[in-house]
Amino acid sequence: MTGGVPGSGVGSAGGPGRAPTLFVYGTLRFPEVVEALLARRPVMSPASAAGWRAAELRSQTYPGLVPAGPTEICAGACLHGLTWAERELLDLFEGDYYEAREVSLVGGEVAVAYLWRGPVAQVPVLASNWDAGRFAARHLAEFVGRCQQWRAQVVPRPPR
């Protein structure tokens, strides 16, 4: 993933020693998912991005942020106060199919978001938008468990 780099001016809204504000629109908009990945719940605030949509991806429980018409608005949230280590962890979790880029939010602020760049042949973007309520009802509990397992494999435990 290509995220902002400290001192580069990219997404400088993160503050000293902090990563830029992160706009989340899919599974990361659920505090329990973020907590499973980061072992804490950062400050979250409602946000939306015009000209983007959280597209349903064929055979996936998570969405991809893709360009949309100028009147379409993608609802989500912003994660504030992430450390660079936490952002790197989220970059690793999101993987190569996502690219961290700046997006303009409704209200004029700018945040970094994970844009879908996955292979269309393997994971097609559908015309329908991802349904957060359906995800919560059908998949959230299992997804949180998978995120906890992923973190346990990726983040080393401190020595005893």
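Predicted model: local features only at pLDDT ≥ 70, side-chain atom pairs only at ≥ 80, totals over all residues.
Reader: Let's start with α4. How many residues does helix α4 have, and what is its reach from first C-alpha to last?
Author: Helix α4 covers residues 140-154, so look there in the model. At 1.5 Å a residue you'd expect 21 Å for its 15 residues. The reach in the model is close to that expectation, at 21 Å.

Reader: Which face-forming residues of α4 are buried?
Author: Seen down the axis of α4, the buried residues fall within an arc of 120 degrees, so they line one face of the helix. On the other side you'll find A141, E142, Q149 and Q153, which are exposed. The buried residues are L140, F143, V144, C147 and W150.

Reader: And which helices do those buried residues of α4 pack against?
Author: Take the buried residues of α4, with F143 and W150 among them. Their packing partners are three helices, found at 31-38, 84-94 and 132-138. By name, those are α1, α2 and α3.

Reader: How far apart in space are R146 and V33?
Author: In sequence, R146 and V33 are 113 residues apart. In space, going C-alpha to C-alpha, the separation is 9.5 Å.

Reader: Back to helix pairs. At what angle do α2 and α4 pack?
Author: The axes of α2 and α4 are 12 Å apart. α2 passes α4 in a right-handed crossing. The packing angle is about 115 degrees.

Reader: How many nonpolar residues are in that contact of α2 with α4?
Author: α2 brings L89, L92 and F93, while α4 brings F143, C147, W150, R151 and V154. Sorted by class, there are no polar residues and 1 charged residue. The nonpolar count is 7.

Reader: What else do the buried residues of α2 pack against, helices and strands included?
Author: The buried set in α2 is W84, E86, R87, L89, L90, D91 and E94. On the helix side, they pack against α1 and α4. On the strand side, the partners are β1, β5, β6 and β7.

Reader: Where is A39, the residue with a positive phi although it is not a glycine?
Author: Most residues other than glycine have a negative phi. A39 has a positive one of about 65 degrees. Its place is in the loop between α1 and β2.

Reader: S59 has a positive phi as well. What is the relative accessible area of S59?
Author: The phi of S59 is near 65 degrees. S59 has its place in the loop between β3 and β4. S59 is exposed, with a relative accessible area of 71%.

Reader: Last one: which residues is V24 in contact with, leaving aside its neighbours within four places in sequence?
Author: V24 is found in strand β1, and it is buried, with a relative accessible area of 2%. C78 lies 54 residues from V24 in sequence but 6.0 Å from it in space, C-alpha to C-alpha. The contacts of V24 are R29, G76, A77 and L79.

Technical notes: Residues numbered from 1 in each chain as written. Heavy atoms only, no water. Helix = DSSP H or I, 4+ residues; strand = E, 2+ residues; numbered from the N terminus. Expected span 1.5 Å × (residues − 1). Buried < 20%, exposed > 50% of the residue type's maximum accessible area, 1.4 Å probe, protein only. Arc of directions from axis to C-beta. Contact = heavy atoms within 4.5 Å. Axes fitted to C-alpha atoms, helices over the stretch in contact; angles between N-to-C directions. Left-handed = near helix turned anticlockwise from the far one by under 90°. Nonpolar A, V, L, I, M, F, W, Y, C, P; charged D, E, K, R; others polar.
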